[in-house]
Amino acid sequence: MIVDDAVAEDVGSGDLTSGALPPDLQIQWQIEAQAEGVLCGVAIAEYLLAPYSTDPENAFIEVHRVDGEYVQRGEIIISGLLPARRVMTAERTALNFMMHLSGVATLTDLFVRKIEGTNARIVDTRKTLPMLRTLQKYAVRCGGGHNHRMGLYDGAMLKDNHIAAAGSIQEAVKRLKGYASHMTKIEVECETLDQVAEAIEAGADVILLDNMDPFMMREAVKAHKGRCLFEASGGINLDTVRGVAQTGVDLISVGALTHSAPSMPFHLEIV
């Protein structure tokens, strides 16, 4: 499990610092938000800090706020009473997960708020940290976004290199239709309006409008509305996302949600 592996990475053969604490010392502690944002990763902290069956009878943990909730700076997220060694050893791993995942959820929330009132949806990409994809995509959903394909196995996307290797969009789509299940939707990356028309005629279900300006996006949607879904992608940020949404696209994929989200700070204090 990813979380257990993260603890093992940090602890190694043992916590040299916390091991010096008295084994029977208990502390009352709390995790507090140091900025406002959308929570994610609370369940991981709960897992790491939950009392063991061998802990004293009065040991406890209390979860005050849960994943997906918007919190303000200073709010208490989790608190409890546990052996000091346990708390000190698990602290950094728990906070690391909460900080990163809440950062992803909070950035996603900012993008979602920017396009309120349009028909577009914010989706993530495969630009995720290795081995953390499932958690990062969960964080996107906590922030109100939606998931694109999880990996290469659950969605087919013909990108520029696939098309170049096949020789044309028509040939690439034809080969894919002959290879994949009839249940598989096919998305084609397009950089020009001619490519959009070719992909639709070839039978694409989704058109990825790659690095197009909003005027070209609007023209593509207007010319082929109702024949497929349109996804906008490429360098979209908080300043430009609303203009993109107003072109009429159905989806806006933002790699920055998972590869560039700033951490949301938390700290653990002894009460």
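Some ground rules come first. Residues are numbered from 1 along each chain as its sequence is written, and side-chain values use heavy atoms, with hydrogens and water left out. Since this is a predicted model, local features need pLDDT of at least 70 and side-chain atom pairs count only at pLDDT 80 or more, while totals for chains, interfaces and linings use all residues.

**Helix H7**

Let's start with helix H7, residues 193-202. Helices (H or I, at least four residues) and strands (E, at least two) are DSSP runs, numbered from the N terminus. The buried residues of H7 are Val196, Ala199, Ile200 and Ala202. Looking down the axis of H7, you'd find these buried residues within an arc of 160°, so they line one face of the helix. That arc is taken from the directions from the helix axis to the C-beta atoms. Buried means under 20% relative accessible area, exposed over 50%, and partly exposed in between (1.4 Å probe, protein chains only). On the face turned away from the buried side sit the exposed residues Asp194 and Glu201.

What covers the buried residues of H7? The cover includes helices H6 (169-179) and H8 (214-224), along with strands E8 (186-190), E9 (206-210) and E10 (229-233). Just after H7 comes Gly203, with a positive phi of about 105°.

**The core**

The largest nonpolar core has 75 residues, and Ile31, Val188, Ile207, Phe230, Ile252 and Phe266 have the most contacts inside it. Helix H3 (residues 84-114) gives the most to this core, with 13 residues. A nonpolar core here is a set of buried Ala, Val, Leu, Ile, Met, Phe, Trp, Tyr and Cys residues joined through side-chain atoms within 4.5 Å.

Take Val188: leaving out residues up to four places away in sequence, its partners include Leu158, Ile163, Val173, Ala199 and Ile207. Contact means heavy atoms within 4.5 Å.

**Two pockets**

On a 1 Å grid over the protein atoms alone, a pocket is an open set of points where a 1.4 Å probe fits, with protein on both sides within 12 Å along at least five of seven lines; lining residues have an atom within 4 Å of a point. A volume is the space filled by probe spheres set on the points, which are joined across faces, edges and corners.

The largest pocket has a volume of about 400 Å³. Among its 22 lining residues, Thr125, Lys127, Lys159, Ser233 and Ser253 are the closest to its centre. E9, E10 and helix H10 (256-259) each supply at least two lining residues.

The second largest pocket comes in at about 350 Å³. Of its 17 lining residues, His148, Arg149, Glu187, Val206 and Leu251 lie nearest the centre.

**Loop residues**

Ile236 sits in the loop between E10 and helix H9 (241-245). Is Ile236 buried or exposed? Ile236 is buried, at 9% relative accessible area. Beyond its neighbours within four places in sequence, Ile236 contacts Phe111, Val241, Val244, Ile252, Ser253 and Val254.

Met131 is in the loop between E6 and helix H4 (133-142), and Asn211 is in the loop between E9 and H8.
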